[in-house]
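Open the structure in your viewer and keep the selection tool at hand. The stops below say what to select next and what is there.

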Amino acid sequence: MATGLLLIATGFTAVAVARPAELTGTGGLLPATGFVVLLTLGQMLIAPVARAWVPDLAEPGRLGLYTGALSSVSGLIVLLGSAGTGTLLDLGLPAAVPWLVLAAVPMAAVGSLPRRSRRPRRR
Amino acid sequence: MTSVALVRTPLSPLLRLLILTQLAFNIGFFAVLPFLAEHLADAIGMAGWLVGLVLGLRTFSQQGLFVVGGALADRYGVRPVVLAGCVLRIAGFGWLGYADEIWAVVGAVLLIGFAAALFSPAVESEVARQAVEWEEAGGGSRTRVLALFTVAGQVGSFVGPLLGALLLAVDFRVACLAGAGVFVLVLAGHAWLLPQHIPGRPHIKEKGGLRALVRNRPFLALCCAYGAYLLAYNQLYLALPEEVERAAGSQAPLAWLFALSSLLVVTAQLPVTRWAGSGSTRAGPWRPGCC
């Protein structure tokens, strides 16, 4: 999961680093393509692992509630975060800055990951 | 553990049903959704802000109410909640196909969203539970089952818009009815195959689950990390279009980048999951704190 988040942060950083060069044309699409590939690799690492983790963290018998809450809470984060991102893109900052801020978000999430990934299950 | 992972145990019929369901959900949903904004603006004549509001309400009634649907699945079991969700989704698509007043369209869109809030957490939680059982029975890593579930969803969200675009050549109503038709199949499949009581999944009657949840710090941390990933994923629609337009002079390459992303998941998800899983057992932890 941490690896996935780091890959995504790298993708944002790649665009931020390439941005001042103002490349255009096919070569100019390279950073965007790199971003999409790294984001997708991150997605492949994160999405199944996050789902796999929920049964270890949920109270017994309440897996539905916790599975639903994972979607609802993260959806709320996206809603608030997207409003923030939209504002950031409209502020007229140097073009690389929003991408660096976006890179910082998954980095911060790595730090907040729960320490133990699996609770030993006793049956 | 690596040796266990090499043994190929077939998935249970229930797991196969649930994974196929995820495929069908996304085919039916994405046959209609990508074309909704244009339908609202052109055929219904909504202003741009109203289209945005309706799409936002759809997301809210779906994503925001997942927690309610999940709790209902714990209370009443997976089967009634999935069946009710399918019925509502069929009704919603049928209504949307024939609605031409704004209030009716809004009602239909909310119904479509709420339907998913019923069936999705029920199916997702049962897949996760079954994946854990499969792992404990020596089938292999649960993450691989969930990776397969993700791939099924991705294939559906790739095939759905193609189907929708074909049907849209006739009209929007036909696309809606085809979407409803897919959910009729899911409804029939679950009514036939999904047991009333799934062994190992008790119905929990007591309240108070939410109070424990908001104090569950590891879980909330997982939600934050997952939210950070989803926020990054949404930049495909927010930050990326502007960057592509700057570099290429138009947003046309976006469609190719989205297709690249889908194709990567469909082809590379299972190998990536296998690689990541073997890394955690052979080369030490790849997740923080994994012992």
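**A bridge between the chains**

Start by selecting A:E22 and B:R246: these two residues form a salt bridge, and their closest N and O atoms are 3.6 Å apart. The model is a predicted one. A:E22 counts as partly exposed, at 47% relative accessibility. Side chains of opposite charge can pair when their charged atoms come close.

Together with A:E22 and B:R246 they make one network, joined by salt bridges that share partners. Between chain B and chain A the count is 5 salt bridges, and over all chains it comes to 11.

**The whole contact**

Next, colour the two chains separately and look at where they meet. Chain B puts 77 residues into the contact and chain A puts in 75. About 6800 Å² is buried between the two chains, with 70% of it on carbon and sulfur atoms. Select B:L222, B:Y226 and B:R246: these supply 10% of the area that chain B buries against chain A, more than any other three residues.

The contact between chain B and chain A also has 16 residue pairs in polar contact, counting pairs with both residues at pLDDT 80 or more. Which helix gives the most to the side of chain B that touches chain A? Select α11(B), which gives 16 residues. By class, this side of chain B has 47 nonpolar, 17 polar and 13 charged residues.

**An aromatic pair**

Over all chains there are 13 aromatic pairs. For one of them, select A:Y66 and B:F219, which pair edge-to-face, with 4.8 Å from centre to centre and 70 degrees between the planes. Because A:Y66 lies in helix α4 (residues 63-90) of chain A and B:F219 in helix α11 (residues 217-234) of chain B, the pair joins two chains.

Then move to chain B and select B:F25, B:F93, B:F119 and B:F183, which form one aromatic cluster.

**A buried arginine and its surroundings**

Select B:R201, in the loop between α9 (172-193) and α10 (209-215) of chain B. B:R201 counts as buried, at 9% relative accessibility. Leaving out residues up to four places away in sequence, B:R201 touches A:G64 from chain A, and its contacts in chain B include B:D74, B:S125, B:E126 and B:R129.

Keep B:E126 and B:R129 selected. These two form a salt bridge, the closest N and O atoms being 3.0 Å apart. Both lie in helix α7 of chain B, 3 residues apart, about one turn of the helix. B:E126 is buried at 0% relative accessible area, and B:R129 is buried at 10%.

Another salt bridge to select is that of B:R142 and B:E135, at 3.2 Å from N to O. B:R142 counts as buried, with 2% relative accessibility.

**Last stop in chain A**

Finish with A:G4, in helix α1 (residues 2-18) of chain A. A:G4 is buried, with a relative accessible area of 0%. A:G4 touches A:G42, A:L45 and A:I46, not counting residues up to four places away in sequence. The C-alpha atoms of A:G4 and A:M44 are separated by 7.7 Å, although the two residues are 40 apart along the chain.

Terms used. Residues numbered from 1 in each chain as written. Chains lettered and ligands numbered in written order. Heavy atoms only, no water. Phe/Tyr/Trp six-rings, centres within 6.5 Å; stacked < 30°, edge-to-face > 60°. Helix = DSSP H or I, 4+ residues; strand = E, 2+ residues; numbered from the N terminus. Buried < 20%, exposed > 50% of the residue type's maximum accessible area, 1.4 Å probe, protein only. Contact = heavy atoms within 4.5 Å. Buried area = accessible area lost by both parts, 1.4 Å probe. Salt bridge = Lys/Arg side-chain N within 4 Å of Asp/Glu carboxyl O. Polar contact = N/O pair within 3.5 Å; in protein donor to acceptor, adjacent residues only side chain to side chain. Nonpolar A, V, L, I, M, F, W, Y, C, P; charged D, E, K, R; others polar.
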